[in-house]
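Please look over the sequence and the model below before reading on.

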Amino acid sequence: MKYTANISAIIISLLLSGCSDLIEYSPYDTDIKSHEQNIKEAEIITANADPNSDTIKFVLFSDTHENYDDMADAIKSINAKSDLQFAVSCGDITCSGLAQEYEWYLETAGGLNCPLITAIGNHDYLANGLDIYKKHFGDPNISFVCGKYKFIVFYCAMRENYNVSPKYEWLIGELSDSSHIKVFISHIPPFAEDVDHLNRLVLNNILKSGNVKLSLHGHFHQFRDVYYNDIHTIIADEIKSREYYIIKLTGDQSFVETIKF
């Protein structure tokens, strides 16, 4: 009996010692402080930019998932460049939308020397990921100004959002601004299969009528530099491919440089 009791005590002790890890990985864990990091970073970007500048440079990367070591190496490379105003992460910063995955991403991103805007990806919606994202970054729909440019980050995953239509009225309102050159950012490109035919037509119409000059995305895990719907469209490869992109805007022209690290 004494031997059995000792074994039971050891098993209980092991289970309790691993309890915190189990809780950290729980898909239901949303007990985190609100940071609204995108809002704060956007304010810094706007404040640091010359409002009359029609030439800016920034970094684009996407789909970090669990590849935080690759992301850390990319950040070291980015920090070595002195002329970049900010960075954009095009989403899928997690695999399963877990609170711990968000924490790992934020811890890694903390090493970046410039402001970072993080879009939400379809993987980041999983479980209670949307609630966790909102607490860390704020509303997934956000816009900010840098010089003569207006960046519009849009939340457009539909499958993971129970096929609820995106906030098109908000997007139309943001694009009605005629005083800035518009850049559209979302994780999923408008022509992806994840966007059904009707929503694809609606989104394409809105972007074209809004005179968007540049469209930035991830999701495909493959780099593309194309014109779609008459809009210059750049799709970032996943970070484990060991590359990121420097985007230069001059007037209404956009240029992309691939940086291997």
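What is the volume of the largest pocket? In this predicted model, where local features need pLDDT of at least 70, side-chain atom pairs count only at pLDDT 80 or more, and totals for chains, interfaces and linings use all residues, the largest pocket has a volume of about 170 Å³. Residues are numbered from 1 along each chain as its sequence is written, and side-chain values use heavy atoms, with hydrogens and water left out.

A pocket here is an open set of points on a 1 Å grid over the protein atoms alone, where a 1.4 Å probe fits, with protein on both sides within 12 Å along at least five of seven lines, and its lining residues have an atom within 4 Å of a point. The lining of the largest pocket is made of 13 residues, and Lys 213, Tyr 227, Asp 230, His 232 and Asp 252 lie nearest its centre. Two or more lining residues come from each of β7 (212-217), β9 (231-235) and β11 (253-260), with β11 giving the largest share, three residues.

In the loop between β9 and β10 (243-250) sits Glu 238, which is buried (under 20% relative accessible area, 1.4 Å probe, protein chains only).

Helix α5 (residues 99-109) is largely enclosed by the rest of the structure, because eight of its eleven residues are buried, among them Tyr 102, Tyr 105 and Leu 106.

Notes. Grid points are joined across faces, edges and corners, and a volume is the space filled by probe spheres set on the points. Helices (H or I, at least four residues) and strands (E, at least two) are DSSP runs, numbered from the N terminus. Buried means under 20% relative accessible area, exposed over 50%, partly exposed in between (1.4 Å probe, protein chains only).
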